[in-house]
Amino acid sequence: MSLSHDSIQTALAGAPMFEAKTWQLSPEAWPLTSEQVTQLEAIGEACLEYHQALETLYFRSVAGKNLLRNKPLLAPWVADYLDRGKPAGLIAHARDAKNRGVFPLVMRPDLLLTDDGFALTELDSVPGGIGLTAFLNRLYADSGKILGAGDAMIANFYASLAALRPGERNPLIALVVSDEAATYRPEMQWLAHQLQLQGKRVFCLHPEKIFPLGGALFFDADGNPEKIDIIYRFFELFDLANIRTAKFFFEAWQNGDVAIAPPMRPFQEEKLSLALFHHHLLQDFWAENLSGRALKLLRAIIPASWVVDPAPLPPGAVLDGPRVGGRALNDWRDLGAASQKERDLIIKISGFHETAWGARSVILGSDCSREEWQAGVERAIELAPANLHVLQEYKKPRRIEHRVYGPAADGLPAEASAKAGRLRLCPYYFVIDGKAKLSGALATFCPPDKKIIHGMQDAALLPCRVVV
């Protein structure tokens, strides 16, 4: 069943979270084959394994321990990369023994659909779009077998959080959204409201609404202080410095009075960890700490990536990186001379910075002038002492078609027709009982001339349906 243009517009107009937001509309959810869904499920399992192995890598690096069982391999530089630019207190918190074995409960990889299949360009553990995808799953519920039907996004989001307090029958959960992340506050308010309708004690709060009392955290509910059991942290860790009440979060967590998800462990949120996955010195580590299935899958879908580290090299040494003019790099500035074809590369900041989310730091070399590319390389080198950048091979999304509504004209209803475009797929996984549960996926279908795919006015945002 296809949705009419008017019915979609009416539904969006009735949802406050979409106020002042526009995108292209489609009568149909995005089709995924059962084979693609099976692969998405495997990607979720592999991403959870990856997080577990990354923790092992980080702590062995911190401790100066051998990374491998049967041959020597020390890599103190791994912890240096992952900790660089972070406050000492946050690093200490990330290493606290109480945090060992604690991983993000929400995982959302960014997958581009290329001629060679999926390409995983990022793995987000503080993702937007949870409420949006849940809403769209409901809206398109009658248009096919929706991935995440039956409010799976809402139910599994709650289940993953509530499990942090297994002794509490109905824990109080605060979805804490900072000013920096305010764009997403409406969808978190919507999520909280949907769960309140089920009798769950879930509230979307501004950080300033939270106060300490007796070592625990509270907020004012109609004049009465209500104790918070679980915080869902919807803000990036660089933003902690802007949150006046953040120190109380750490204190209450240390007291055992509140659980916080995702954990405040910056090494789990650095984009450069994907470059560590491809680092030639660490291949034996990943092979030893991932299952064969996860290793094979991640090697197939994570594009070649490198850390832009401008540390000086001895004479005659070359960098682990792409080639320019057929030659290995001796200095990252050599990238500035790359031809447009050789610049099929992306530079982006690794994390812990206000430009590290929303594609704000992304530079695609083949889609900008030589001067812009050289400036991007210089910026990556200049910021490296505090904020490392990642260089990643650009995987061009394949050109495909999907039905999209055109504009209504002369009082006639809008008509849908097949339009060409490129796809980014964002599956959502919620970790429940140690398993990554695929609960929905948001498809972003952009015009074919858009090289970097993200939510924009020209894109269609769609849930996904499973087809035979």
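## A buried loop residue

At 12% relative accessibility, Leu105 counts as buried (under 20% relative accessible area, with exposed meaning over 50% and partly exposed in between, for a 1.4 Å probe and protein chains only). Leu105 sits in the loop that runs between helix H4 (88–95) and strand E2 (106–114). Helices (H or I, at least four residues) and strands (E, at least two) are DSSP runs numbered from the N terminus.

Apart from residues up to four places away in sequence, Leu105 touches Ser160, Leu161, Leu164, Ala261, Tyr429, Phe430 and Val431, where contact means heavy atoms within 4.5 Å. Leu105 and Pro263 are 158 residues apart along the chain, and their C-alpha atoms are separated by 8.8 Å.

## Basis of the model

This is a predicted model, in which local features need pLDDT of at least 70 and side-chain atom pairs count only at pLDDT 80 or more, while totals for chains, interfaces and linings use all residues. Residues are numbered from 1 along each chain as its sequence is written, and side-chain values use heavy atoms, with hydrogens and water left out.

## Helices H5 and H7

Helix H5 (residues 130–139) and helix H7 (residues 185–196) have axes that come within 7 Å and cross at roughly 60°. H5 is therefore oblique to H7; angles under 35 degrees count as roughly parallel, over 145 as roughly antiparallel, 65 to 115 as roughly perpendicular and the rest as oblique. The axes are lines fitted to C-alpha atoms, for helices over the stretch in contact, and angles run from 0 to 180 degrees between N-to-C directions.

On the H5 side the contact is made by Ile130, Gly131, Leu132, Ala134, Phe135 and Arg138, and on the H7 side by Glu187, Trp190, Leu191 and Gln194. H5 is mostly covered, with 9 of its 10 residues buried. Among the buried residues of H5 are Thr133, Leu136, Asn137 and Leu139.

Strand E7 (residues 210–213) pairs with strand E8 (residues 216–221) in the antiparallel sense, over 4 bridges. Two strands pair if DSSP finds at least two bridges between them. Pro212 has Leu217 of E8 as its bridge partner. This hairpin has 2 residues between the strands, and Gly214 takes a positive phi near 60°.

E8 is also joined to strand E9 (residues 224–227) by 4 bridges, and E8 and E9 run antiparallel. Here Phe219 has Glu226 of E9 as its bridge partner. The hairpin of E8 and E9 has 2 residues between the strands, and Asp222 takes a positive phi near 55°.

Strand E15 (residues 345–349) pairs with E16 over 2 bridges in the antiparallel sense, and Ile347 has Ile363 of E16 as its bridge partner.

Ala304 lies in the loop between helix H11 (292–301) and E12. Ala304 is partly exposed, with a relative accessible area of 24%. Leaving aside neighbours within four places in sequence, Ala304 is in contact with His278, Leu391, Gln392 and Glu393. The C-alpha atoms of Ala304 and Thr121 are separated by 9.7 Å, although the two are 183 residues apart along the chain.
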